[in-house]
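Have a look at the sequence and fold below before reading on. The notes after it go through a few local features.

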Amino acid sequence: MNQEDNALEKKTQFQGSQHFNVLLSLLRDRQGFLEEIRQEIRLQSKTNSLLVCSSIFFAIYGGIIGASHSWMQALTSTIKLPAFYLLSIMICFPTLFFFNVLFGSRSSLKQHFVVLLTAVSVISVLLFSFAPVTLFFLITTPDSYQFFKILNVLIFGITGAFGVKFLYDGMQLLSQENETGKGTRTTILRSWLLLYGFVGMQLGWFLRPFFGAPGTKFELFREVQGNFYLDIVKAVSEILGFR
């Protein structure tokens, strides 16, 4: 029985190391990684590894921001943040794929999906890299909820911008071998990125709270009212002392 347990543990460690190595290969050699996607090399392995690694990093960051309220909020945000990014992809992915196919793309469904996953994985890694900073301000400014919220909006914005740039470069690489309709597909991609941004903000507003204001009761989901933009204006006004 002990030998079986040891074998299972070694297998689990090997799989974890393998997943992380795939992510490292993406970070270290972006061009080579995208070229492998274009050539359809080990797409399933890449999909599995990127899903596992990005979900773990998102879960860690979600737990940190949720801890600004309570352990229950930390637990739910650990689940909700990975779900938020994956749901955003699933909602917008069909639009990108079918419009690209309509205007001449020969890339497969799986190729499109893995390129999207590379962008999401980059966002997850960058969020994870900000985790110590976020944790520092969580500990040192426990009574500055609005500041903490604005700080994280900025962090999400910065990491999202890098992810969008990564996605744009990846989709352009997929189009290199097929010039037919390439200009139209580029326009579609730019429009789709705007759509993805709006869907992401609305989905995030729908799934809130991720933070939870200190002193308020725990809520799994908050009643849908107002919008993301008005909430940010309110937070900035409070920080500046206008209300």
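What follows is a short tour of helices, charged pairs, a surface patch and aromatic rings.

## Helix 2 and its buried side

Keep in mind that this is a predicted model. Helix 2 covers residues 30-38, and its buried residues are F33, L34, I37 and R38. Why do these residues sit on the same side of helix 2? Because they cover an arc of only 145 degrees around the axis.

## Salt bridges

How many salt bridges does a search of the whole structure find? The count is five.

The K46 and E36 pair runs from helix 3 to helix 2, with the partners 10 residues apart in the chain. As for burial, K46 counts as buried at 3% relative accessibility, E36 is partly exposed at 25%, and R42 is exposed at 53%.

Shared partners also matter: salt bridges join R30, K165 and D169 into one network.

## A nonpolar patch on the surface

V52, I56, I60 and F128 make up a nonpolar patch on the surface, with about 300 Å² of accessible area together. Which helix gives the patch its largest share? Helix 3 (residues 43-66) does, with three residues. I56 lies in helix 3, and its relative accessible area of 44% makes I56 partly exposed.

## Q73 in helix 4

Is Q73 buried or exposed? At 1% relative accessibility, Q73 is buried. Q73 is found in helix 4, which spans residues 71-102.

Setting aside neighbours within four places in sequence, Q73 is in contact with G66, K80, P209, F210, F211, F218 and E219.

## Aromatic pairs

A search of the whole structure turns up 12 aromatic pairs. Among them are F84 and Y85, whose ring centres are 4.9 Å apart; their planes are at 70 degrees, so the pair is edge-to-face. Both F84 and Y85 are buried.

F97 and F98 are another edge-to-face pair, with ring centres 5.1 Å apart and planes at 70 degrees. What is the relative accessible area of F97? The value is 11%, and F97 is buried, whereas F98 is exposed at 55%.

Finally, F58, F84, Y85 and F210 form one aromatic cluster. F210 has come up already, as one of the residues in contact with Q73.

Note on methods. Residues are numbered from 1 along each chain as its sequence is written. This is a predicted model: local features need pLDDT of at least 70, side-chain atom pairs count only at pLDDT 80 or more; totals for chains, interfaces and linings use all residues. Side-chain values use heavy atoms; hydrogens and water are left out. Buried means under 20% relative accessible area, exposed over 50%, partly exposed in between (1.4 Å probe, protein chains only). Helices (H or I, at least four residues) and strands (E, at least two) are DSSP runs, numbered from the N terminus. The arc is that of the directions from the helix axis to the C-beta atoms. Contact means heavy atoms within 4.5 Å. Patches are made of residues with over 30% relative accessible area and no salt bridge: like charges are joined within 9 Å, nonpolar side chains (Val, Leu, Ile, Met, Phe, Trp, Tyr) within 5 Å. Accessible areas come from the Shrake-Rupley method with a 1.4 Å probe; for residues, only the protein chains shown count as cover. A salt bridge is a side-chain nitrogen of Lys or Arg within 4 Å of a carboxyl oxygen of Asp or Glu. Rings of Phe, Tyr and Trp (its six-membered ring) pair if their centres lie within 6.5 Å; planes under 30 degrees apart count as stacked, over 60 as edge-to-face and the rest as tilted.
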